[in-house]
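Student: Could we go through this model together, setting each term against its definition as we meet it?

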Amino acid sequence: MIPETVLTKPIEGWYQSHPLLKRFTATEELCWCNNDLPGFEEIQHTLPLSASDIAEATQRLKRFAPYIQHVFPETSVNKGIIESELIRIPNAQRALEKITGRSLPVTLLLKRDDLLPISGSVKARGGIYEVLKHAETIALQSGLLSEKSNYSDLASKACRLLFSKHQIMVGSTGNLGLSIGIMGAQLGFRVTVHMSSDARQWKKDLLRQKGVTIVEHRDDYGAAVANGRREAKELSRCHFIDDENSTDLFLGYSVAGHRLQQQLSEEKIKVNGHHPLFVYLPCGVGGGPGGIAFGLKQVFGDNVHCYFAEPTQSACMFLGMYTGLHDNISVQDFGVENKTCADGLAVGRPSAFVGQVMTSLLDGIFTVSDENMYRYLALLKDTEDIELEPSATAGFPGIARVTSATDNCFSPQLPETAFNNGTHIVWATGGNMVPQRERAEYYHKGKKLENNL
Ligand SMILES: *Cc1c(COP(=O)(O)O)cnc(C)c1O
């Protein structure tokens, strides 16, 4: 069921009590600072998930590594662990300085989740993890697998036959469907993806080729999820992957935290009170960036500052957290249409589960116009020869936005030196699987807009 909107007072009243909503309804870029952010140690025990849950997910992914390596040989370099590089982008940094007219003497890094193997987006973390966990549960119950088995046994005929009697269903704007469809089909599951109207044709085509059933919806993401959830309920042996509520998805994303810590230490980049970490994460329904932020907080505590980036048209997490109404409100209730080129972020109603967890973990949220996402897309191509999809560029302006005089989204508790001493990570969340023709179109759009960034 789609949650009902509960506007506890008329919209005019909301404008008065929450002045940023005026900018929001005008779809102007904005930045919301979570001024009441408590210290991590104070609230750690109140969180619904813990470091041991993340450790369990990490162990599970290790058990699956031999299987992943066996069926997706491109993961061999990392021995079957699905992980991405962390790189420096000095040319893009100089271009940013030019645009903002400010010197940005910081360490700027790009997390290349756009290159994650198997499905080329951040969803290769959460989506694949949940499918694997489900497969493990079924295989253990059947006796075909034990936790001590070599998990490459899962590629056997017997296991595939077992999984073919089970179904997996999901609602998606595209990338979650890709990760779940590719992984699920590889294991032998029957997979159905309910796609929102935003989903790109090539994603549907690719999944159909793999034998995945695609149900196309004329409505947005919320409706696709609701339909999938309803259909799944009526079927036996059907697992619905619930992007709005799933803790398994969330934990799949969260393992990024300690892996990033490892990568930073390999680069000899320190993170402490004097050298904080700033992370800019594109946000749709919230599970991906939320899970990553949760994992980072467990590792770095108060020394990491996480910000979400949303399209001006789909700033549902901003709306939910700012008003405190979470999934009881949608951007459409304020006359904003949820129409954006950032298909991976085209969500009008946020996850209540994630929004509530983030209340005590997130430093802030800023929004980005479609035009600017296209411009940053072209800028990254020109300066670093990196090709992202529009959604994946949303974090890029964070470094300028968080400290800009007009936005002022910088935590008041932080000394200004913290920003310059800090390491700033733009989380690039997708792009590797985008067909060449679409890449060229994206770039072309960005170039046309280039002159007034
Ligand atoms: C899904 C997605 C995100 C955000 O993840 P959510 O869990 O929806 O918040 C960001 N970037 C891309 C490219 C995505 O596909």
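**Ligand, strands and cores**

Student: Which residues surrounding the ligand are the closest, and how many surround it?

Tutor: The ligand is surrounded by 15 residues, where near means that a heavy atom of the residue lies within 4 Å of it, and the closest are Lys123, Asn175, Gly286, Gly288 and Thr429. This is a predicted model, in which local features need pLDDT of at least 70 and side-chain atom pairs count only at pLDDT 80 or more, while totals for chains, interfaces and linings use all residues. Residues are numbered from 1 along each chain as its sequence is written, and side-chain values use heavy atoms, with hydrogens and water left out.

Student: Why are strands S2 and S3 said to pair?

Tutor: Pairing requires that DSSP finds at least two bridges between two strands, and S2 (residues 86–88) is joined to S3 by three, running antiparallel, so they pair. Arg88 has Leu109 as its bridge partner in S3.

Student: What does the largest nonpolar core contain?

Tutor: This core has 113 residues, of which Phe24, Phe163, Phe318 and Met358 touch the most other members. A nonpolar core is a set of buried (under 20% relative accessible area, 1.4 Å probe, protein chains only) Ala, Val, Leu, Ile, Met, Phe, Trp, Tyr and Cys residues joined through side-chain atoms within 4.5 Å.

Terms used: Buried means under 20% relative accessible area, exposed over 50%, partly exposed in between (1.4 Å probe, protein chains only). Helices (H or I, at least four residues) and strands (E, at least two) are DSSP runs, numbered from the N terminus.
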